[in-house]
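Dear colleague,

Please find below the structure that I am handing over to you, with its sequence. My notes on it follow directly after.

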Amino acid sequence: MSPITSPSTILVTGGTGYVGAWVITTLLARGHTVKAAVRSAEKGASLKSHLLKHINEESGKKDSDDIALDIVVIADIVKDGAFDEAIVGVDAVVHVASPAPNPSSMDPQETIQPAVGGTLGVLNSALRASQRGSSYKLKRIVITSSVATVWTPGPGARTFSEAGWNTNLVSELEKLGSKTHPHIVCAASKVLAEKATLEFYNAHKSEVQWDISIINPPLIFGPAIQTPKSASDLPTTLKLWWDSVVEFSSKPGLLSTPNGWVDVRDIAEAHVRAMETEAAGGERIIVAEGTFFLNEWLDHANKAGAEFYPGRAFSKGTAETTKDELAPEIYYNTAKEKRILGIKYRTKEETTRDTLRWAAERKL
């Protein structure tokens, strides 16, 4: 694949989401034109408004509405041919769209179908466009997956790489059905979607001139492009961080286990570099800053909070808890990312400070 250079036209799915909005912002900053696939015209207008506000704040402009963004409404991403029109004439696709955990749903298929079907929908549209000769420009499809596809449960400290596959999640889903925890359903959907992606591509790669690159992030934190109505409306993983670090709970859930993490701005950068970098073609790439311990976040929040939320105590935690007491620990081998993408990651301190500044400015 020849490198994708600016200016190019990029289709982004899931642009109204936490990661997708930052991917669009990063692409626009590179000089690309973005087609943003959204579920409704209303969501598209809201996305554009938030993007303009962010870009104008960053640039120091006040009233500019000049951004290279086209809104494409695709109400049903699993409908056959949903992406056929949107994919024509683009140089690359960044497929971020995927459902978040839904605690109110009793049907796992409500999560699995859009995760798997939406991904296959993009790939099928790309295949059909290639067969018609109408997408000769398309060079790469970057797909957002998760470290859930490589991680498996077990005792003690463990390190995972792109060579691994998590088969436990799908087995648990098959066993428990509608009783499966929403987070397990969501994680299993990532496994099923990624496997479906690889199976599709391997079956058709001789017929197309594009390739694929899969990004596997861990938990994602950091400021959002969109302004939520309240803290209860924060994106899923950012809300986990907020509930555990800012509104400290005695049961902080997922953040109580040492795990991998990445800043949302860095994962957006990784998607764009995977699109631009020839060596990323055909690869699964874990993108993670490192492993966190909850008390590290608590300490950083207490230090930064004094500036942005004076007089407010952010946590009851201290740095006295040792690694041994917090085991099991989860680590990820990011050698491939360092070799191919070379991301310079934000630190926990930077992410904490930027998130609290962002939240204070929005009176959260």
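The notes below cover a pocket, a cavity and several salt bridges. Please bear in mind throughout that this is a predicted model.

**The second largest pocket**

The second largest pocket has a volume of about 620 Å³. Its lining is made up of 27 residues, and those that lie nearest the centre are Trp22, His54, Glu58, Ile225 and Arg265. Of the elements, α2 gives the most, with six residues. Sorted by class, the lining of the second largest pocket holds 12 charged, 10 nonpolar and five polar residues.

**The cavity**

With a threshold of 30 Å³ or more, the count comes to one cavity. About 90 Å³ of space lies within the largest cavity. Around this space are 13 lining residues, with Ser98, Thr119, Ile143, Thr144 and Ala193 nearest the centre. The elements that give two or more residues to the lining are α3, β5 and α5 (182–204), and α5 gives the most, with four residues. By class, the lining of the largest cavity has six polar, five nonpolar and two charged residues.

**Salt bridges**

The structure holds 18 salt bridges.

Lys137 forms a salt bridge with Asp91, and the closest N and O atoms are 3.6 Å apart. Lys137 is in the loop between α3 (109–132) and β5 (140–144), while Asp91 is in the loop between β3 (69–73) and β4 (92–95), so the pair ties together parts that are 46 residues apart in sequence. Are these two partners buried or exposed? Lys137 counts as partly exposed because its relative accessibility is 27%, which falls between the cut-offs of 20% and 50%. Asp91 is buried, because its relative accessible area is 8% and buried means under 20%.

In helix α6 (residues 236–246), Lys239 and Asp243 are four residues apart, so about one helical turn separates them. These two residues form a salt bridge whose closest N and O atoms are 2.7 Å apart. Lys239 counts as partly exposed, at 26% relative accessibility, and Asp243 also counts as partly exposed, at 28%.

The side chains of Glu269 and Arg273 meet in a salt bridge as well, at 2.7 Å from N to O. Both residues lie in helix α7, four residues apart, about one turn of the helix. Glu269 counts as buried, because its relative accessibility of 16% is under the 20% cut-off. Arg273 is partly exposed, with a relative accessible area of 24%. Which residues belong to the network that contains this pair? Salt bridges that share partners join Glu269 and Arg273 with Arg30 and Glu276 into one network.

Two elements come up under more than one of these headings.

With kind regards

Note on methods. Residues numbered from 1 in each chain as written. Predicted model: local features only at pLDDT ≥ 70, side-chain atom pairs only at ≥ 80, totals over all residues. Heavy atoms only, no water. 1 Å grid on protein atoms, 1.4 Å probe; cavity = no way out; pocket = protein on both sides within 12 Å on 5 of 7 lines; lining within 4 Å. Points joined across faces, edges and corners; volume = space filled by probe spheres on them. Nonpolar A, V, L, I, M, F, W, Y, C, P; charged D, E, K, R; others polar. Salt bridge = Lys/Arg side-chain N within 4 Å of Asp/Glu carboxyl O. Buried < 20%, exposed > 50% of the residue type's maximum accessible area, 1.4 Å probe, protein only.
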